Amino acid sequence: MTSTSTTATAGATSTPSSTWITVQFVLAGIVWGSSFLFMKVALTGISPAQVAWTRILLGTLTLGILVLARREHLSRSLRVWGHLLVLGMTFCVIPFLLFSWAQQHVSSGVASIFNATTPIMTAIMAWLVFRVERLKAMQVVGIGVGILGVIVIIAPWQGLSWDGSLVAELAILGATASYGFSFAYMRRFASNTGMSALAFTFGYIAMAGAVMAVLTPFLVLTPVKLDVPIIVSLVLLGCLGTGIAYVWNQNTVRAWGPTRASTVTYITPVVGVILGVVILGETVTWNEPVGALVVFLGILLAQDRLRRRSGAPRK
């Protein structure tokens, strides 16, 4: 991946300081790492589709209030909104449904570890699908190493059967592939929208909200059982995880570029695993953290970061 921003900086009203960008980067990692706990708790009382529906609608409402309060400029181009619709589907609707369904069958810690494959998926999509970058031989090796890490996490030597957990793990990989598609799609088709990070983020999440609103009769009209932990989890998942944290991520991408910004996936599995063990009493087998480390090594190679660290300082 290159350091080219995925969205245009035109239209941004101010440039956050480097310190504030770092704070937003860390906060986004913590919030997204916590999201796997929130989903797990929410699933004790509502369906996976209801989890995805709620987080998207709350995220849309939260960002909509901020856009109105700050009087943000929104694009009037139908072409731009068409791209935002694609992003709403691939960045929100599809992965949120897959993650919510999968967490019925795997622990929140395992889900957070698999989420770390997003930069690998992004590199594959940018290289093979959209042709927006060329990878060097060592970067291709990095993709292979990342795939090896996924295999270690799945642990096929323990025997494979098409039960809930294996299908759920494949569903999560489908979700991270959807994220990777979205990042590459942004670079290819939505790099000059003229909107600020807040307005751009609101745009695609609002389109996701519109899709979920249309699908309401088919997805969410089933019984629910709500209590305080479930309600709190949904509010945090929607308002923070699907609202504010996405703006923080867009600000980081614009300041650092997608390569550095994607390293937020180093934070999320650590937070996710710790919360799963401490709060939910989940267990972790040796192959899961080992596989995660192999995936991280693959990410470093795929992003060509090891060579950069050993060579001249980056400008």
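Q: Does Y185 count as buried or exposed?
A: Relative accessible area decides: buried means under 20%, exposed over 50%, and partly exposed in between (1.4 Å probe, protein chains only). Y185 has 9% relative accessibility, so Y185 counts as buried. F181 reaches 23%, so F181 counts as partly exposed. The model is predicted: local features need pLDDT of at least 70, side-chain atom pairs count only at pLDDT 80 or more, and totals for chains, interfaces and linings use all residues. Residues are numbered from 1 along each chain as its sequence is written, and side-chain values use heavy atoms, leaving out hydrogens and water.

Q: What is the average pLDDT of the chain?
A: pLDDT is the predictor's confidence in each residue, from 0 to 100. The chain averages 88, and 91% of the residues score at least 70. Over residues 1-13 the pLDDT is below 50, although this stretch has 49 contacts in the model beyond near neighbours in sequence. A contact means heavy atoms within 4.5 Å.

Q: How many aromatic pairs are there?
A: Rings of Phe, Tyr and Trp (its six-membered ring) pair if their centres lie within 6.5 Å; planes under 30 degrees apart are stacked, over 60 edge-to-face, and the rest tilted. By this rule there are 16 aromatic pairs. One is edge-to-face: the ring centres of F91 and F183 are 5.1 Å apart, with planes at 75 degrees. This pair links distant parts of the chain, since F91 is in helix α3 (residues 78-102) and F183, 92 residues away, is in helix α7 (residues 164-189). Both F91 and F183 are buried. The pair of F181 and Y185 is stacked, because the ring centres are 5.8 Å apart and the planes are at 25 degrees. F181 and Y185 are four residues apart in helix α7, so about one helical turn separates them. Helices are DSSP runs (H or I, at least four residues), numbered from the N terminus.

Q: Which residues form the aromatic cluster?
A: W32, F36, F91, F99, Y179, F183, F200, Y204 and Y246 form one cluster.

Q: Which residue lies over the face of F96?
A: A charge sits over a ring if NZ of Lys or CZ of Arg is within 6 Å of the ring centre and within 35 degrees of the ring normal. Here R55 lies over the face of F96, 3.6 Å from the ring centre.

Q: How many residues are in the largest nonpolar core?
A: In soluble globular proteins, nonpolar side chains tend to be buried together. A nonpolar core is a set of buried Ala, Val, Leu, Ile, Met, Phe, Trp, Tyr and Cys residues joined through side-chain atoms within 4.5 Å. The largest has 85 residues, and those with the most contacts inside it include F91, C92 and F114. Helix α7 gives the most to this core, with twelve residues. Not counting residues up to four places away in sequence, F114 touches V150, I153, I154, E169, I172, L173 and T176.

Q: How many disulfides does the structure hold?
A: A disulfide is a pair of cysteine sulfur atoms within 2.5 Å. The structure holds zero disulfides. For C92, the closest cysteine sulfur is in C239, 14 Å away, which is too far for a bond. C92 is buried, as its relative accessible area is 0%. C239, at 23% relative accessibility, counts as partly exposed.

Q: Where is I231?
A: I231 is in helix α10 (residues 228-256). Its relative accessible area is 42%, so I231 is partly exposed.

Definitions and conventions
Helix = DSSP H or I, 4+ residues; strand = E, 2+ residues; numbered from the N terminus.
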